[in-house]
Amino acid sequence: MDPHWEQRVLQTRRQFFGRAASGIGAAALASLINPQLASAAAGGGDPRAQGVKIGPHFAPTAKRIIYLFQSGAPSQLDLFDYKPKMREYFNTELPESIRMGQRLTTMTSGQASFPVAPTAFKFAQHGNSRAWVSDLMPHTASIVDDLCFIKSVHTEAINHDPGITFMQTGSQIPGRPSMGAWLNYGLGAENADLPGFIVLISQGSAQRASQALYSRLWGTGFLPSEHQGVQFRGSGDAVLYLSNPDGVDRQGRRKALDAIARLNARQFERVGDPEINARVAAGEMAFRMQTSVPDLTDLSDEPQATFDMYGENARKPGTYAANCLLARRLAERGVRFIQLYHRGWDQHGNLPSDIRLQCGDTDQASAALVMDLKRRGLLEDTLVVWGGEFGRTIYSQGALSETNYGRDHHPRCFTVWMAGGGIKPGMTYGQTDDFSYNVVDKPVHVHDLNATILHCLGMDHTRLTYPFQGRDFRLTDVHGRVVKDILA
Amino acid sequence: MVTPRRMRGRCALACLAATASVVAVFSGGFGAAPPSIAPDANAAPRFNRDVRPILSNHCYQCHGPDSAARKAGLRLDRRDDALAALESGVHAIVPGDADASAILARVTHTDPGQVMPPPEIGKDLSDEQIDTLRRWIESGAEYEPHWSFVPPVRPQAPDISAANSEWRTNPIDRFIHATLESEGLEPSPRASAETLLRRASFDLTGLPPTPEQLDQLRADASPEAFARAVDRLLASPRYGEHMARRWLDAARYGDTHGLHLDNAREMWPWRDWVIEAFNANMPFDRFTVEQLAGDLLPEPTLDQLVATGFNRNHVSTNEGGVILDEVRMNNVADRIATTGTVWLGLTLACAHCHDHKFDPILHDEYFELFAFFNNTTENPMDGNRTDWAPFVRVPSDEQKAELESMDERIGSIKSELDGPSAEIDAQQAAWRSQAAAEWTNGWQVTEVATATASGGTTLRTLDDNSVLAEGDNPDRNTYQIITRTDATDLSLLRLEALTHDSLPHKGAGRADNSNFVLSELELEARPAGDDSAEWTPIRLVAAAADHQQMNGPYPVAATIDGIVGAANGWAVDGMTRREDRVAVYAAAEPFGFDGGTELRTTLRFETHFPRHAIGRVRLAVSGDEALRESVLPVGLGTWHAAGPFPAADRNAAFIEPFGPELALADTRAVDTTATYADNIAWVAHPEWTDGAPHDLEGGLAATYLTRTIHAGSARTLTLSLGSDDGIKVWCNGRLVHENNVARAVAPDQDSITIDLDPGENHLLIKIANYGGGFAFYFSTDESAGSDALRMLPLILARELTEEQQTTLRRYFRSTRSPYMRDLAAELDTITAERNAFQAMLPLTLVMEENEERRPTHRLHRGDYASPREEVSPGIPEALPQMADDLPRDRLGFARWLVSPEHPLTARVTVNRLWQQMFGTGIVKTAEDFGSQGEWPSHPELLDWLAVEFVESGWDVKHMLRLMANSQAYQQRAAVTPELLSRDPANRLLARGPRFRLAAEEIRDQALLASGLLVGTIGGPSVKPTQPKGLWFDVGYTDSNTANFTPDEGDDLYRRSMYSYWKRTSPPPNMAAFDAPTREACTVRRSRTNTPMQALVLLNDPQFVEASRVLAQRVLRAESQTDAQLAMAFRLLTSRSPDNAEIDVLHELYEAELARYEDNTFDALALLAVGAAPRDESLDPAAHAAMTSVANAILTLDEAVNK
């Protein structure tokens, strides 16, 4: 070893460390919140990285989003998109003028006939906005004046895996960052004690096998992996590995972290790599999460009124109702992107009985969440989105009777509702034909929907980009337009 | 009406293949030169380094190779076009005259409507970039071909002025040092031996050095000591595993399909091939050819076929409803994207929908590449199967030997059973003609008097006294046939259903599919010649047939059961067997009148199968007693059951003998009065009917069933069995069947034939339950009659196929000789065993070429549904072309990739090796060497390495050795703040590489340090513990990977590269440290630093267990606390702690010790984490305290860095 060299390194290091220790700590912490800041603070990275426009591009109308994803694709025909004329068409062939030879899934493309299956459920108009809702969703019906129904959403995918991947990442093929990862990358987290992107999953009550979810739906694709969603779980640790091992208490952990910090500080003196300090900060945040997360999931401070509103199921961890309540608590704590998935909506057969079960799982809690946010003044800056990956066909898959039918996948139109966060309340946007088969007015493509969501969060979807493989990627690829008409 | 556009804009699908993934953190950049290597502000800019990045990133999108997107006719990527006069008459670029160049006027324009690039695309040029363009135009606006498309030429290693002569020997160092000199920087001193060994051990084997290896290196003062250590590491089998682990990312290897159901897939033999290839240092050109086209090599070996699994690793789907053409396109596109990234460093996927925006890859050229990979035989949908064909079975050497020995035995039995033997064959011929005579001569065909049918059918009598149905064929029908005979003392009626050319498919039935179903047969007799005599019903008590349909209630016995039900009748598989059929009926009493008898036979066709009548019928009678005996049914006794006998586990339930099975050794009979352990006794079940499943009681257990079977003569009986779960069957004390299987009960899951002795026979069945349902199913074909009757079609037929001859020969030989009979039984057993054995052999998916090339079309805008002109396999024009003698298939393509003059393959590959050793590639964008890729930090060095690689014979170990032995690699990693700000990413290498370990390395280190690591190489992937419910949360309910069950024992402690990779839910502790999902090709992982990582290291039971076992190790090895602490520290950081560090550790230890001494309960709780046994001789408090300290050390930055 060259002693002169070593001395030089140590000297400058001590000056640097002594002078800037607190600064580096802050930078390291900032890196957890916004890696681009850390990049700048560390004086490193690619110059272009600092040129990426990060942070809100303009004043946001929503600070956070709660996405109530109904996985498996709920039937728009039986919930919101009322088509009274279809009664006359019961069991008649879907007219070719409507189908227009458009592609079908290979599950029904071989069917000899495509008999029209009108909904078995009653619809009524509700609220001042006179929105149509079927009697499957009485609670949702009671809040229609806070909702904006988009009946003309359409997608490109015709099957679940590509469909849900498209909704959540803007591409049918795995490999792209999820919407939550994009927003976390673009805006960072607000809360230093919780991740900025949290995922909650519940299982549906319907009889059919549930469609799969995929960790890519909250993954980061080519974005740095710290932007990925953190799954909160209904059983075991709410966050993986959150609990200390058996026999280890918080004080012991504190002592260990202190020892680790001291040893890491020595290592920093020796090596000078700022990543070391970032690691200390990460350990500290982990320590804080060990209390912030249990506080969050401990519902003992919720009054009975909460459970009256969300339903008693909200006491059962892992249910949709419990996840909705958790979503409100996360919103209160400033978590940026709260992604719920409720599984079990894939009703190819026995739709009437299964959809009733699914609505029983979700209707009350979804409505409660919106009301609760509103009551607490959170709805105005929280965007709530409800929807699945595509719609379902007017024609019956399999046998049709007055009371029983199934519906196949239908990408050409489906209904999504949004609420709060800068969205016009009490309106319906877009229109489908009498068969709820094609959009006849104001189509909203998935890219348009995603562009609009980003817009509410203050992000220009054309400027939220990340360079990879030689081009600037975005959530909306090279498409998308903000649906201005639904903005408040 | 507005119809939503299915395809949106130009890039509907594409840009889809965001495949090769992942960028180092905080990076994001491309296109610009690496920091700190800024061009000299006064020198003329160089096109490739300085100008192309600006034009490419800011201008090519509208003025580049993509003709469809080109604006104003301006093309800037080719000099001739850029200098030409534009439509407007101006010149974009006038060499030497910046002011006359329109491009400069536009980029400096102040009007937002005029300035270029248009502000809305967000690609504004900086002043510095504009200045670069100006100076470049002033200097003559020279273009250079894109550097990576020009074949590398070995440059002279520069002379350097290094004071330290060590930097002069390795050419790598001369290139690095020369750059440092020009930057005014000095290299760092050499790192300590310990640091170097840790660095090289992780970089070459993925594991830390052991204390012994550290001591050895420290003790060796010779200058070659480190080089020898490098050689040792390169020779270690751990090297191959480590290299393979990186290759698995690139090859997107996973243990599941990745899409929709995400079911299990078996590919690990391919993974093991990769390990072996790296360990054997297979030259990279061969490594390439075998993986891309091993199947097309002349007479490929099994290994070469296995290698082709590379391009079967992509994600796949079997989602109901998907469209085949779309899935096939996606699969091939993935192969193109992956191959492009891994070998060419090109983003080929960009050209899927349109001409590449930045690189000279045209849309139609993309599909010429596509055509190479679009000619394989696999179904685009994976069938949700493990064995998605084509695949090969890959037996181990032992398994191969086992298979061969079984084949040998099968061969020798077959030659005995089937081989020619003049004597036996003559006997067989004699027997056959005798048997035929019995069925012809022993019978008297009755003469038809009248034959009538209902519903417009007429029955015409033919010369052979058969009647043929003609005319209408009503849904239901009844034939009444009156015949005459002179014979008396009759006991048997024979019904023949004969084929006829006039019948459907020339079969015997009248149904469209040529089947028939006879519901009921009634026989009456009266004396001949007296039309007024009463008809006397003849009671028929048994029926047998040469064949009856087994897939439902279709036994011939159903025709005399008095029931005419919807599906109750005799059916004969007429849709597949267009043969004559025979049924024989036995009467209760002899019948027939002296002086002649008239018989009235009524055939009813009244099941719910419409028009299923017999087409041609002939009747005969006989009084042969021996025949009658063979027709009479066996007598089935009442079922008795004993159980459940509880079992420890699934295997025990099946394998372990309980009460009745133990007693079998002594007797062929089953004693139903016996009582077994725990007072289990036989219980009679008269309520159990055959042909329906019956539930049993009990959990993980075995239950036995028995019944007697009475046979009038020696005969066989075929049983249809079902079970939930495993089943074993004994007949007369001899094991005749076993099937260790987990399943729900159903009819006919196992079909076996047993031999019955005359008189009483004993059947014993064991049902083993593995949890859940517990049930069995039993039925027989007992009414089908004897073997001889079943052989009748073969006995009577004039010409037999080879297969039929074998059947008949085996039947004859086994009925004539007990030896042959045993042999035939052994053949059945061993064949079944062999098939079962074969089916469980490891398999791996492979590539297979269609014999006739599948046409490839250019897909307009990349849409699978818009095929345009057909294209042939070919290479983009911008790249060197294939030699004429190369075949235009995958093999030719692979050979082209590794042709020595190829500009990309060697560069891209050595760059990844450099990235492995130095943390960042010479080209940082390891996946993109195109014009948007980053300019190399050391272009000449990259070329030198590429040429060296090719000329060394594509020797991977040689290249890694060169890098490890460089001074550049061996520098200290410590950095001054000045250098940090000057070169934060260490691209200039004025210091040694230091970066966080990969996910697998972190876990493997913990396992090795604790002594838990199990070093077995290869084999099926393993499932170490993970938090409960992760798979279930996301999995499709019916997926066979919806539930995670951890493995046990050694499989918990294998190297992490063997962990089971479910792509929709990869191991969470790996994902936390940036392991990719393996859904797409990844050649660069990110290296993040997150709270989740801290939680994993501190709380994941895997790491806590490793800490506990590590604590145990040091407590046993050393007696002094400080020595124990030092050892733990050294095991995880490869260095001994100094006193200050010991003090910190000691303080923590003492505090923890005090706490655990006060609280043994907590100590024991901590020590119970994980499955590894605890040394109970150690003081729990000390062990727990040391566990805490070990866990803290494991979490140190130094422990997770190399």
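**Terms and their grounds**

Reply: Of the 488 residues in chain A, 66% count as buried. The model is a predicted one.

Me: What makes a residue such as A:Asp477 count as buried?

Reply: A residue is called buried when its relative accessible area is under 20%. A:Asp477 has a relative accessible area of 4%, and it is therefore buried. This residue lies in the segment after strand E17 (471–474) of chain A. Its phi is positive, about 55 degrees, although A:Asp477 is not a glycine.

Me: How do you know whether B:Ser1134 is buried or exposed?

Reply: The cut-offs are under 20% for buried and over 50% for exposed. B:Ser1134 has a relative accessible area of 1%, so it is buried. It is found in the loop between helix H36 (1121–1133) and helix H37 (1139–1158) of chain B. B:Ser1134 also has a positive phi, near 65 degrees, in a residue other than glycine.

Me: Why are H17(B) and H24(B) called roughly perpendicular to each other?

Reply: Angles of 65 to 115 degrees count as roughly perpendicular. Helix H17 (residues 397–418) and helix H24 (residues 802–816), both of chain B, pack at an angle of about 85 degrees, with their axes 9 Å apart. The two helices are therefore roughly perpendicular. In this contact, B:Lys414, B:Glu416, B:Leu417 and B:Asp418 of H17(B) meet B:Thr806, B:Arg809, B:Arg810 and B:Arg813 of H24(B). By class, these residues divide into one nonpolar, one polar and six charged.

Me: What makes H24(B) oblique to H25(B)?

Reply: The axes of H24(B) and helix H25 (residues 818–839) of chain B cross at roughly 130 degrees and come within 5 Å. Roughly antiparallel would require an angle over 145 degrees, and roughly perpendicular one of 65 to 115 degrees. H24(B) is therefore oblique to H25(B). The residues in contact include B:Arg810 and B:Arg813 of H24(B), and B:Pro818 and B:Met820 of H25(B). The contact as a whole has four nonpolar, one polar and four charged residues.

Me: How confident is the predictor in chain B, and where is the pLDDT below 50?

Reply: Chain B averages a pLDDT of 89, and 95% of the residues score at least 70. Over residues 1–39 of chain B, however, the pLDDT is below 50. For the complex, the predictor gives an ipTM of 0.80 and a pTM of 0.76.

Definitions and conventions
Residues are numbered from 1 along each chain as its sequence is written. Chains are lettered from A and ligands numbered from 1 in the order in which they are written. This is a predicted model: local features need pLDDT of at least 70, side-chain atom pairs count only at pLDDT 80 or more; totals for chains, interfaces and linings use all residues. Side-chain values use heavy atoms; hydrogens and water are left out. Axes are lines fitted to C-alpha atoms, for helices over the stretch in contact, and angles run from 0 to 180 degrees between N-to-C directions. Helices (H or I, at least four residues) and strands (E, at least two) are DSSP runs, numbered from the N terminus. Angles under 35 degrees count as roughly parallel, over 145 as roughly antiparallel, 65 to 115 as roughly perpendicular and the rest as oblique. Contact means heavy atoms within 4.5 Å. Ala, Val, Leu, Ile, Met, Phe, Trp, Tyr, Cys and Pro count as nonpolar, Asp, Glu, Lys and Arg as charged, and the others, Gly among them, as polar. pLDDT is the predictor's confidence in each residue, from 0 to 100. Buried means under 20% relative accessible area, exposed over 50%, partly exposed in between (1.4 Å probe, protein chains only).
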